[in-house]
Amino acid sequence: MSGSVSYLYGVAEASPELRDAVRDLRGVGGAPVRVVADGDPPALAAVVSAVPADEFEEQPLAAHLEDLAWLEAVARAHHGVVDAVAAGTTVLPLRLATIYRDDERVLAMLRAGRAAFRSRLSRLAGHVEWGVKVYAEPSAAVGAATGGAAPGGAGEEPELSPGRAYLRGRRHERSARDAAHRAAADAVRRVHEAALAHAAEHVRHRVQQGPLARGSSENVSNDAYLVPSGRSDAFLAAVREAASGGGGGGGAPVRAEITGPWAPYSFAMGAPETDEGPVDGGVGREEAASG
């Protein structure tokens, strides 16, 4: 493909299962997905497709990453390929928009990272990733504490002056918000302890803010857990039970959101640096807001 660069989705052991998984698979921009294998046994392989250089070279890519519609389309295609491969074999997902100029540089990357790739593939075999986010609802807690009335409004006792009523209302708000955050901290601790009892590894991501936040909810923890596939049911039951008391003793609203199972995005490793690549460091799953 003229004027193209190699887009990487992940690394896996070269095997018939891998080739079966990518057969007829389409990736970013609808391009056919293929396997680039290092022939030295035991062989590793990169899952790649060709993408236009004029979109994925460093400067145009930097501009595209500011375009949420473009980024979402690339993220969906990227994760669709990774999930399809993960259904058939263990895969190390690479970060979104990891680009090399050609397949020779892809092979150099595989050889440079051989020992680390093989070690991580062995560790991740038979495991999946589950995401657990805990949310506080401080606005709901404030509404419940004040009865929905504005500070100093009709809900206040008539003998209070407007100024005193306002100050008392503000104290109620602060108390309710503090209770919501204490309940959230307790929920995070309970959920984390329950999850760790069934997880092999844990990663704490940045909490979601700004455009990634949802309504009045405040994301107070954003964790990923690497769980043996055979323990997923026990993991889910334990996390749900721990989260079910999220309101705490004071009734402050707290909820947990569980997502997955995913390919182990949070527990993979980046492509090693070589003398000639990658073109771009890539963007992770959380940054792409894909899940």
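Let's start with confidence. This is a predicted model, and among the elements of the chain, strand β3, residues 44-52, has the highest mean pLDDT, at 96. Helix α7, residues 138-146, has the lowest, at 51.

Over residues 246-251, the pLDDT is below 50. Beyond near neighbours in sequence, this stretch has 8 contacts in the model. Residues 278-291 also have pLDDT below 50. That stretch has 50 contacts beyond near neighbours in sequence. How should we treat such places? Where pLDDT is low, the predicted coordinates should not be read in detail.

What about the chain overall? The average pLDDT is 82, and 79% of the residues score at least 70.

On to the sheet. In which order do its strands run? The order is β6-β7-β5-β8. These 4 strands form an open sheet, with antiparallel pairing. Strands of a sheet pair through backbone hydrogen bonds.

Look at the edges. There you find β6, residues 201-204, and β8, residues 254-262. Each has a single partner strand, so one side of each lacks a neighbour in the sheet. From one strand to the next, the twist averages 20°.

Strand β5 covers residues 127-136, and strand β7 covers residues 218-228. They pair in the antiparallel sense over 10 bridges. Take Val128: its bridge partner in β7 is Val227.

Last, the helix. Which strands does α9 touch? Helix α9, residues 232-243, packs on the sheet and touches β5, β7 and β8. Its direction makes about 10° with that of β5.

Key:
Residues numbered from 1 in each chain as written. Predicted model: local features only at pLDDT ≥ 70, side-chain atom pairs only at ≥ 80, totals over all residues. Heavy atoms only, no water. pLDDT = per-residue confidence, 0-100. Helix = DSSP H or I, 4+ residues; strand = E, 2+ residues; numbered from the N terminus. Contact = heavy atoms within 4.5 Å. Pairing = 2+ DSSP bridges. Axes fitted to C-alpha atoms, helices over the stretch in contact; angles between N-to-C directions.
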